[in-house]
Amino acid sequence: MQSIISVSKLTKSYDSGFTALKGIDLDIRKGEIFALLGPNGAGKTTLIGIICGILRPTGGSVSVGGHDIITDYRATRALIGLVPQEIVMAPFETVWASVTMSRGLFNKPKNPAYLEKVLKDLSLWDKRHSKIVQLSGGMKRRVLIAKALSHEPAILFLDEPTAGVDVELRKDMWDVVRALRDAGVTIILTTHYLEEAEEMADRIGVINNGEMILVEKKSELMRKLGKKRLVLQVADKLAAVPPVLAAFNLAIGGDGHELIYEYDTRAERTGVATLLAALSEAGVRIRDLHTNQSSLEEIFVGLVNDTRSAP
């Protein structure tokens, strides 16, 4: 699939000596939803700032739609819509005026019908004559998205777009994101709500300490790194794991009514059959069992912890 953003050996250092980005390589494909994950201070916002032309890199290169972000700044910026973390807008402007002005900044011809559609898609049409100061935090964030979409960008950056937004509004916003992706817009998002990345993203990149430690299809990431958990419901409450089962590293859950066994789906032998036989020999009666997969959040925490502990 064609890349719409290409990042090569990108670095960013400051006069203080702090290096925020350390040789980032990344290709983002046209029309995908790409989730960029990482702890606070990992370099997510710095990377987005450079691609969007807000920050200047120390080294490396970035191209957007085939245009270099330094030598062809106007062309690259016109392709990008950015929804920042911070809500900064003229408080006494109306929603309509704010969105109209954003479109005008890119010298786009007037298109009231398009802006009307954007506001309706974001459930803002009834608020078009309201002043920004009169809106709730969730509505203000929707206005930021409308402003970012006002000039019809091919790429939309969403930097923590649902922070402080209630659950109902969050779901509505993700419906809009899906519709944009279906219309061919490339979406890059950062989020602390990992369940959203798990549900929405086509691919996931994990950044930590200024380094891109992994870029992978979400499904492939879950397959490669996700462990399966076998939960066995026992007939009789257990105060502790029987010593004869110590080799299986079982955990007790459900107030003593569950035994939990984690295994690697990639292993040649999972050990499940051996475990079930050992349970029978130990006289542990099983009432029911089920399996579940590690969540993206568990995988993410494991990856970050691994890089923190590396020498």
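Me: How many cavities of 30 Å³ or more does the count come to?
Reply: The model is a predicted one. A cavity is a space where a 1.4 Å probe fits but cannot get out. With 30 Å³ or more as the rule, the count comes to one cavity.

Me: What is the volume of the largest cavity, and which class do the residues of its lining belong to?
Reply: The largest cavity has a volume of about 30 Å³. Its lining consists of L26, I28, F34, L36, L47, I48, I51, F157 and I188. No polar and no charged residues are found in that lining, and the nine residues are nonpolar.

Me: Which element supplies the largest share of the lining of the largest cavity?
Reply: At least two residues of this lining come from each of β2 (19–29), β3 (33–37) and α1. The largest share is three residues, and the element that supplies them is α1.

Me: What separation do the C-alpha atoms of I188 and E32 have?
Reply: Leaving aside neighbours within four places in sequence, I188 is in contact with I5, I28, F34, I155, L156, F157 and L158. E32 is 156 residues away from I188 along the chain, and the separation of their C-alpha atoms is 8.2 Å.

Me: Is K44 buried or exposed?
Reply: K44 has its place in helix α1, residues 44–51. Not counting residues up to four places away in sequence, K44 touches L36, L37, G38, P39, T190 and I207. Its relative accessibility is 7%, and therefore K44 counts as buried.

Me: Which element gives the most to the lining of the largest pocket?
Reply: The largest pocket holds about 520 Å³ of space. It is lined by 21 residues, and R77, S102, L105, F106 and H151 are the closest to its centre. Two or more residues of the lining come from each of α2 (73–78), β6 (80–83), α3 (95–104) and α5 (137–149). The element that gives the most, with four residues, is α2.

Me: How many residues of α5 are buried?
Reply: From first C-alpha to last, α5 reaches 19 Å, close to the 18 Å expected at 1.5 Å a residue. Among the buried residues of α5 are G138, M139, R141 and L149. The helix is mostly covered, and of its 13 residues the number buried is eleven.

Me: How many charged residues are in the lining of the second largest pocket?
Reply: About 300 Å³ of space lies in this second largest pocket. Of its 16 lining residues, Y114, K117, D121, L149 and L180 lie nearest its centre. The elements that give two or more residues to the lining are α4 (112–121) and α6 (167–182). By class, the lining has eleven nonpolar residues and one polar, and the number of charged residues is four.

Key
Residues numbered from 1 in each chain as written. Predicted model: local features only at pLDDT ≥ 70, side-chain atom pairs only at ≥ 80, totals over all residues. Heavy atoms only, no water. Buried < 20%, exposed > 50% of the residue type's maximum accessible area, 1.4 Å probe, protein only. Contact = heavy atoms within 4.5 Å. 1 Å grid on protein atoms, 1.4 Å probe; cavity = no way out; pocket = protein on both sides within 12 Å on 5 of 7 lines; lining within 4 Å. Points joined across faces, edges and corners; volume = space filled by probe spheres on them. Nonpolar A, V, L, I, M, F, W, Y, C, P; charged D, E, K, R; others polar. Expected span 1.5 Å × (residues − 1).
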